[in-house]
Amino acid sequence: MLPSCQFLHLSHDESAGILRVTLNRPDARNALTVEMLAELIALFEHLKTRDDLRVVLMRGHGGHFCAGADLKGVFGDAQKPVVAGEKDPVVTMNRAFGEMLRVAERIPQVLITVLEGGVLGGGFGLACVSDIALAHQATKFGMPETSRGLPPAQIAPFVVQRMGLTQARRLCLTSAQFNGDAALRYGLVHDVFADEAALNTLLADTLNQVLRCAPAANARTKEILLSVGHIDPDEVLDNAAMHFAACVRSPEAPEGIGAFLQKRQANWAHTFTADDVAQAQAAITQDITEKNVQETAQ
């Protein structure tokens, strides 16, 4: 069973193995609070146990992906005195952002982010740890922390990993903002779209590509890729050989090779059309809107 969430809307497509995660604080441009961070960490930890899920599709409700941290919470913690012998609450809160990004990066599923509106701070970090990032051409990307007297402390390592040290230094140290087209040139995102219709087509194509890959093979491949540069190269290759052997001896390899030779789809493949994507998003938007209206009325 999926975790219960107040600020995340979860929609599970069981037949395709897709979990759609929608950040739901539209009045605050989906800025991340301590409570939202806790929900995201709990969800990503839970996903490590879900072999039935193959794709996690993340988007923000209300036209914005995520405007970063809710600064009211940051400065609320700053007003609390540091108790002798206890960790500074600001340190604890800030470190939670890094923990959230770490567990997001390492879920076995393919993490796809749909980026639009504001993608700032922690939202920028989520873009950096996604396996596939799709952005509206007019999306506003940036790390405004230094212009507000703060370092992008927990995000910076993931920016370096995604975009390289040279771009990270320029973007972090100038608080520069840029659009989706520039994000594509910088290597932050993998494709851009001009409107919702173009997104539906792009997302259908992307999902179809991911879902033609064997679930366990994808999860093992992701684990291999994320180990590069973090452990000894020989250990990377030893582990990769073990993953290869496990796949060879699993039901997936015979099915995949058989499907290739017989010129048919493997039994794990699933196909989406642009209309399928549009209908799924419309249902989610309606569900969230109704829920938000009910909560406002209470």
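Helices (H or I, at least four residues) and strands (E, at least two) are DSSP runs, numbered from the N terminus. The structure is a predicted model, in which local features need pLDDT of at least 70 and side-chain atom pairs count only at pLDDT 80 or more, while totals for chains, interfaces and linings use all residues. Residues are numbered from 1 along each chain as its sequence is written, and side-chain values use heavy atoms, with hydrogens and water left out.

**Backbone at two loop residues**

- R29, in the loop between β2 and α1, has a positive phi of about 55° although it is not a glycine.
- Most residues other than glycine have a negative phi.
- With a relative accessible area of 34%, R29 is partly exposed, a class that lies between buried (under 20% relative accessible area) and exposed (over 50%), as judged with a 1.4 Å probe and protein chains only.
- S175 also has a positive phi of about 55° and is not a glycine; this residue lies in the loop between α6 (165-174) and β8 (177-178), and its relative accessible area of 14% makes it buried.

**Strand β6 and its partners**

- Strand β6 (residues 132-136) has 4 of its 5 residues buried, so it is largely enclosed by the rest of the structure.
- Strand β4 (residues 110-115) pairs with β6 in the parallel sense over 4 bridges, where pairing requires that DSSP find at least two bridges between the strands; within this pair, L115 has A135 of β6 as its bridge partner.
- β6 also runs parallel to strand β9 (residues 191-193), to which 3 bridges join it, and F193 in β9 is the bridge partner of H136.

- H46 is placed in helix α1 (residues 34-47) and counts as buried at 17% relative accessibility.
- The side chains of H46 and R50 are joined by a polar contact of 3.1 Å, meaning a pair of N or O atoms within 3.5 Å, of which, within protein, one must be able to donate a hydrogen and the other to accept it, with residues adjacent in sequence counting only if both atoms are side-chain atoms.
- Apart from neighbours within four places in sequence, H46 is in contact (heavy atoms within 4.5 Å) with M1, L2 and P3.
- L188 sits in the loop between α7 (180-186) and β9 and is buried, with a relative accessible area of 0%.
- The C-alpha atoms of L188 and A127 are separated by 7.3 Å, although the two residues are 61 residues apart along the chain.
- Neighbours within four places in sequence aside, the contacts of L188 include F124, A127, C128, F141 and F178.

**The enclosed cavity**

- A search of the whole structure finds 1 cavity of 30 Å³ or more; on a 1 Å grid over the protein atoms alone, a cavity is a set of points where a 1.4 Å probe fits but cannot get out, and lining residues have an atom within 4 Å of a point.
- The largest cavity holds about 120 Å³ of space, a volume being the space filled by probe spheres set on the grid points, which are joined across faces, edges and corners.
- Its lining comprises 14 residues, with R20, L57, R59, L203 and Q281 lying nearest the centre of the largest cavity.
- At least two lining residues of the largest cavity come from each of β2 (18-23), β3 (55-60), α8 (196-211) and α12 (274-297).

How values were computed. On a 1 Å grid over the protein atoms alone, a cavity is a set of points where a 1.4 Å probe fits but cannot get out, and a pocket is an open set with protein on both sides within 12 Å along at least five of seven lines; lining residues have an atom within 4 Å of a point.
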